[in-house]
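Here are some notes to go with the model you asked me to look over. I have set them out as numbered points so that you can check each against the coordinates.

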Amino acid sequence: SGDWDETDTWSCNCVPDENADNVTIDTGDDVSITANQSVGNLIVDGTLSFTGSDTLSVFGNLTFNGTLTEGNGTIAAVKSTSTQNFDNASASRIDFNNLYINNSNGLFLTSGGWAIGNNLQVSAGSFDVTAADSIVLLSTSTKTSQILESVNASISGEFIIQRYISTRDANYANISSPILNATVADLDDDLYLSGVNGDDGNIMNGSEIFRSVFTFNNGNSKHKFLDDLTDALPRTDGIEVYLLTDGLTYFSDETVDFRGTPFNGGSWVTTSELWNFVGNPYHSFVNFEDIRVDADILEEYYIFNSSTGTYDHFNSLPLPAIAPEQSFWIFKNMGTGSSNGLRFDEDKKGDSNSPTFLREKRNQNFTLKLSNNQNDFSHEMKLNFDAMANAEMDYFDRPLLPSPIKEAPAIFSK
């Protein structure tokens, strides 16, 4: 036991480096990483601990029969001549803080359960978790993991990608899927859903089924409900899902699990004139200014406000970054047709472990607010003054973006 960089910690009376191929931390021993270190092959029968934000660069294979205290540290797979295997033969899950892969031949998780609490990045090579029992990208009320800019299509195997959603009044939320081939079933096992042929059955409003999950048809500007667990959640489509726990009034915090291969690479988004509902396909933040390609798409976006039942307008630069698993609304000028208007690329990812979603925003425009005495929903119409405006619908105007809530009022101009 002792610090890695002290010679009397080791039986060889030396400090292991990248050329040390048979390093073992014995059962009952706890070796602490207190500075950046390197090793060849490493077997952990005892405990490997990070006390700070240092990096252990592994040039060979890594086997856990014991435990890892991850702290704020990084384990980096950096062998350049052949593949690397990380094996968990212990009875417990091994949690990384950061896992970094820079091996052109790839890193394989070959057994056991794993998790990553902070950052995953594949800067060279590939990362294959097919043979692992499980791997979880964690999300809590204080921090959400992220996949930083990585080599395109470098990640394979099934992940469990968590997304924490905080307590709030029951209402719709704008979310998106971070995995390939997601379906409504990815939501149904964690959320109470109505109208999707799921385990929770249906909430009835008279003879009408209450619908929990909607997408949006950009062509006719209408919401479309999803009514089966097998319905797809395409990776760049926005999803509106009603969050509730008890009745229709309250949502208690929950962590949603998406199970599948994370989307990793580039993707065009075809946009139509007027409203488009877009989902962030990454398990990371993105900046809207970086993914906007078509100048006919205005440099602004809208997010559903769960308090008012309508949409808040974000147009003050720099715009807040779009959160992981967040969807958002954009407007494309009238008369401009369809185009490849947005481009998601790995180098457009941000770097933040914030657990929050965008939910509301206060503007400084002159605003007319319509409320009612039947429910808590309201609607705001924002008015700006410009000498170049005219009496017809023009560049400065936005048509109504309809709420999925029928009871929500609306005030708008024609």
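1. A word on terms first: helices (H or I, at least four residues) and strands (E, at least two) are DSSP runs, numbered from the N terminus. This is a predicted model, in which local features need pLDDT of at least 70 and side-chain atom pairs count only at pLDDT 80 or more, while totals for chains, interfaces and linings use all residues. Residues are numbered from 1 along each chain as its sequence is written, and side-chain values use heavy atoms, with hydrogens and water left out.

2. Overall picture. The protein chain has two helices and 34 strands. Along the principal axes, its C-alpha atoms fill a box of roughly 85 × 50 × 35 Å. Of the 414 residues, 51% count as buried; buried means under 20% relative accessible area, exposed over 50%, and partly exposed in between (1.4 Å probe, protein chains only). Among contacts (heavy atoms within 4.5 Å) with a separation of 6 or more, residues 24 or more positions apart account for 62%.

3. A cis peptide. Please look at the bond from Leu317 to Pro318, which is cis, with omega near -5°. Pro318 is found in the loop between strand E30 (311-314) and strand E31 (327-332).

4. Positive phi values. Asn13 has phi near 55°, a positive value in a residue other than glycine. Its place is the loop between strand E1 (2-3) and strand E2 (23-25), and Asn13 is exposed, with a relative accessible area of 54%. Leu274, also not a glycine, has a positive phi near 75°. Leu274 is found in strand E28 (residues 274-279) and counts as partly exposed at 23% relative accessibility.

5. An open sheet. Four strands form it in the order E19-E24-E22-E23, with antiparallel pairing; two strands pair if DSSP finds at least two bridges between them. E19 and E23 are the edge strands, each pairing on one side only. On average, neighbouring strands of this sheet are turned by 35° against each other, direction ignored. For that angle, axes are lines fitted to C-alpha atoms, for helices over the stretch in contact, and angles run from 0 to 180 degrees between N-to-C directions.

6. The hairpin in that sheet. Strand E22 (residues 213-217) pairs with E23 in the antiparallel sense over four bridges, and Asn217 stands opposite Lys222 in E23. E22 and E23 form a hairpin with four residues between them, and Ser221 in the turn has a positive phi of about 55°.

7. Asp186. Is Asp186 buried or exposed? With a relative accessible area of 11%, Asp186 is buried. Helix H1 (residues 185-188) is where Asp186 sits. Leaving out residues up to four places away in sequence, Asp186 touches Ile179, Val256, Asp257, Phe258 and Arg259. Leu229 is 43 residues from Asp186 in sequence, with 8.3 Å between their C-alpha atoms.

8. The second largest pocket. On a 1 Å grid over the protein atoms alone, a cavity is a set of points where a 1.4 Å probe fits but cannot get out, and a pocket is an open set with protein on both sides within 12 Å along at least five of seven lines; lining residues have an atom within 4 Å of a point. Grid points are joined across faces, edges and corners, and a volume is the space filled by probe spheres set on the points. The second largest pocket holds about 750 Å³ of space. It has 27 lining residues, and those closest to its centre are Phe210, Tyr242, Ile405, Lys406 and Glu407. The lining divides into 13 nonpolar, eight polar and six charged residues. Here Ala, Val, Leu, Ile, Met, Phe, Trp, Tyr, Cys and Pro count as nonpolar, Asp, Glu, Lys and Arg as charged, and the others, Gly among them, as polar. Strands E19 (171-175), E20 (204-205), E21 (208-209) and E23 (222-225) each supply at least two residues of this lining.

9. About 50 Å³ lies in the second largest cavity, which is lined by Arg163, Ile165, Ile175, Leu187, Leu191, Val256, Phe258, Glu325 and Phe357. By class, this lining has seven nonpolar, no polar and two charged residues.
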